[in-house]
Amino acid sequence: MGRPMGCGTLVVLLVLVFLLIGHGNNRSTSSRTSLRSTSERYYGVKMVNTSNTIVLDNGLVRLTFSNPTGHVTGIKYGGIDNLLEIHNKPTNRGYWDLNWNYPGQKSRTSIFEGILGTEFRVITSAEDQVEISFTRTYNVSLPQGVTVPFNMDKRYILQRGRSGFYAYAIFERLEGWPEAKVDQIRMVFKLQQAKFRYMALSDTRQRFMPTAYERGIYGIKLAYKEAVLLNNTGEVDDKYQYTIEDKDNKVHGWICTDEKSPVGFWMITPSDEFKMAGPFKQGLTSHVGPTTLSVFVSSHYAGNVSMNFQQGEAWKKVFGPVFIYLNSAHQGSKNSISSLWSNAKQQMLEEVKSWPYNFTESRDFLSSDQRGSLSSRLLIYDQYISHQPLHSARFAYVGLAPPGEVGSWQRESKGYQFWTQADNKGHFIIKNVLPGNYSLYASVPGIIGDYKYEADITIEQGSKIQMPDFIYEPPRNGPTLWEIGIPDRTAAEFYIPDPYPTLSNKLYIVSERFRQYGLWARYEDRYPDSDLVYKVGVHNYSNDWFYAQVTRDIGNGTYVGTTWQIQFELESATHPGNFTLRLALASGSYSKLLVRINNLNTKQPHFATGRIGVDNAIARHGIHGLYSLFSVSVPSSLLHQGTNTIYLTQPKGESPFTGIMYDYIRLEGPPV
């Protein structure tokens, strides 16, 4: 017989057992569990399947789904039986939906359709992970317009020891299917309004929110239904005040501040490769409800940028996965809000680091070793911009997106896009790119226009492409005579008025003031008798250039266009060759721009854009929508020595939201 086990040996074995239990997963669990000190064992994932419900439980989180439709009807966590709104119908708690149209549709309103599964499947079932699927197959024999022509597969994953769950969906069209236009695809969670009152979008955008009940009782509708004035608090609430650009939309959600069970509910989006229209596309996040969204397709701030499918067009795309993260704090914690938010950000960083996930069971979602990468450097060549014509594209946004024209990525909606930000030397690497053919695009802060490499780039599985320097020559004909604004695709640097005292949101008193409601109406307060006149060399664009060229209200619900003037001095206009006027627009909403030089009364403008945009960014507090650039050749014969005036007329007067946001304006002299 062997010797009896000594006390020291026993202690060592007990420690090893504890470590094996606590670290039985192949990924760190430090920020995936609640903030409470937990020493309990991480139980394996259990699944219970009944005729009407599917229940997944890992000891930390219990999820309940309707069977076979696939609605999330219950989320038990942190001592709360259901984080979702128990007073809502089960179909109105956690769900996917979309808006779409078809050719010949009589109504102009999009068809709203919930994404309902008709078949439930278990994809994988093990103690470490359960993945389930709710599918719906398109019935080609149905009349057009009955349902969107997609096959849809909603997937959910619950893992051992994970304080949350993953969700993604696979959408597919087969050859021969009918035309369709899809405006929106999203996933929605509606939380208990009696518990979740505090919303957090970023470090600076957090607050206690009104409830849906308070909106209904105290809300006075303003210019559109989404915006209401709460007469119990004197504040405006509007879901469009809480949008985020996709490049920054990584984590947002709600906190239950109940002292007995402080709990956070977070939507974490580790990648925007499956989003549409590039990194600057703005989308809804969380808003009064309390509602938390993951928006995959949307025409907000982009107008007609929708997924348009032709007759017979085949297509497939994976939306997600996203991670719905749950965390909790100690009972009675005085810093529960800050600790829950900090922990959610930490978890977000871990999810981003882990992208692309290697645990999904769909062959349509490729892991890192099935993807490729591209690295290089982007340089700027502009002989007029500095003493060194060739310089780094500092902090440029560089991306691979489906092949197209210059800037087409901001209107692209059906493919995948892969973006990164270069360093201060212009070096960049785009990682984890799906195999395929792409164009390389870039937008450089402080530099006008868009870059596109002239040749397509093919990414193959496992490829690590390193290319020579790319050189962007931005639009330029001559030296800068004067400029207004900063070329950054937004109007944020221009004059932002104070909101009406009775129409403010206290969240935006100091920062991001452009998100206040009703700023467009402040134009007439600042210019009551005549339109804006900007004198180059005298005025400052941050104080004297209004953020949007909007319409003027002349009474009885009638609006008229406006004409702005830029006055500047020329020592001489006898230069041979033409001057060039660059007009970079940050947004256009049902508008038009006419340019006249030194004579407002000419019948024909010197330049006209035609209709610009339907992004509606003025009404939705966006400070930018879709970017556009116009270059206007100005013969020297139209200018003269002394004071010259450029007239910018926006003639359309359909509504208070019709107008233009400028990004940057520059007058170039003839080539030197």
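The model is predicted, so local features need pLDDT of at least 70, side-chain atom pairs count only at pLDDT 80 or more, and totals for chains, interfaces and linings use all residues. Residues are numbered from 1 along each chain as its sequence is written, and side-chain values use heavy atoms, with hydrogens and water left out. The structure holds 54 aromatic pairs. Strand β45 (residues 659-668) has 10 of its 10 residues buried.

**Aromatic pairs**

- Rings of Phe, Tyr and Trp (its six-membered ring) pair if their centres lie within 6.5 Å; planes under 30 degrees apart count as stacked, over 60 as edge-to-face and the rest as tilted.
- A pair of aromatic rings is described by the distance of the centres and the angle of the planes.
- F150 and F309 form an edge-to-face pair, with 5.6 Å centre to centre and 90° between the planes.
- F150 lies in the loop between β8 (129-136) and β9 (151-159) and F309 lies in strand β23 (residues 307-309), so this pair ties together parts that are 159 residues apart in sequence.
- Helices (H or I, at least four residues) and strands (E, at least two) are DSSP runs, numbered from the N terminus.
- Both F150 and F309 are buried. Buried means under 20% relative accessible area, exposed over 50%, and partly exposed in between (1.4 Å probe, protein chains only).
- F280 and Y397 also form an edge-to-face pair, at 5.1 Å centre to centre and 80° between the planes.
- The pair of F280 and Y397 links distant parts of the chain, 117 residues apart. F280 is in the loop between β19 (263-268) and β20 (282-283), and Y397 is in strand β27 (residues 397-401).
- Both F280 and Y397 are buried.

**Charges over rings**

- A charge sits over a ring if NZ of Lys or CZ of Arg is within 6 Å of the ring centre and within 35 degrees of the ring normal.
- The charged end of K317 sits over the ring of Y416, 5.4 Å from the ring centre.
- R522 lies over the face of Y500, at 4.0 Å from the ring centre.

**An open sheet of 3 strands**

- The strand order is β14-β15-β16, and the pairing is antiparallel. Two strands pair if DSSP finds at least two bridges between them.
- β14 (219-221) and β16 (235-238) stand at the edges with a single partner strand each, so one side of each is left without a neighbour in the sheet.
- Neighbouring strands of this sheet are turned by 35° against each other on average, direction ignored. Axes are lines fitted to C-alpha atoms, for helices over the stretch in contact, and angles run from 0 to 180 degrees between N-to-C directions.
- β14 and strand β15 (residues 227-230) are joined by 3 bridges. G219 stands opposite L230 in β15.

**Strand β45 and its partners**

- With 10 of 10 residues buried, β45 is largely enclosed by the rest of the structure.
- Strand β35 (residues 480-485) pairs with β45 in the antiparallel sense over 5 bridges. E483 has R666 in β45 as its bridge partner.
- Strand β37 (residues 549-550) is joined to β45 by 2 bridges and runs antiparallel to β45. Q549 has I660 in β45 as its bridge partner.
- Strand β41 (residues 578-597) pairs with β45 in the antiparallel sense over 9 bridges. L581 stands opposite L667 in β45.

**Strand β18 and its partners**

- Strand β18 (residues 251-256) is mostly covered, with 6 of its 6 residues buried.
- Strand β12 (residues 196-200) pairs with β18 in the antiparallel sense over 4 bridges. Y198 stands opposite I255 in β18.
- β18 and β19 pair in the antiparallel sense over 6 bridges. A hairpin of 6 residues joins β18 to β19.

**Two buried residues**

- S413 lies in the loop between β27 and β28 (418-421). S413 is buried, at 7% relative accessible area.
- Leaving aside neighbours within four places in sequence, S413 is in contact (heavy atoms within 4.5 Å) with M276, V305, S306, M307 and K317.
- V550 is in strand β37 and counts as buried at 1% relative accessibility.
- Beyond neighbours within four places in sequence, the contacts of V550 are W520, Y523, T562, I618, P656 and T658.
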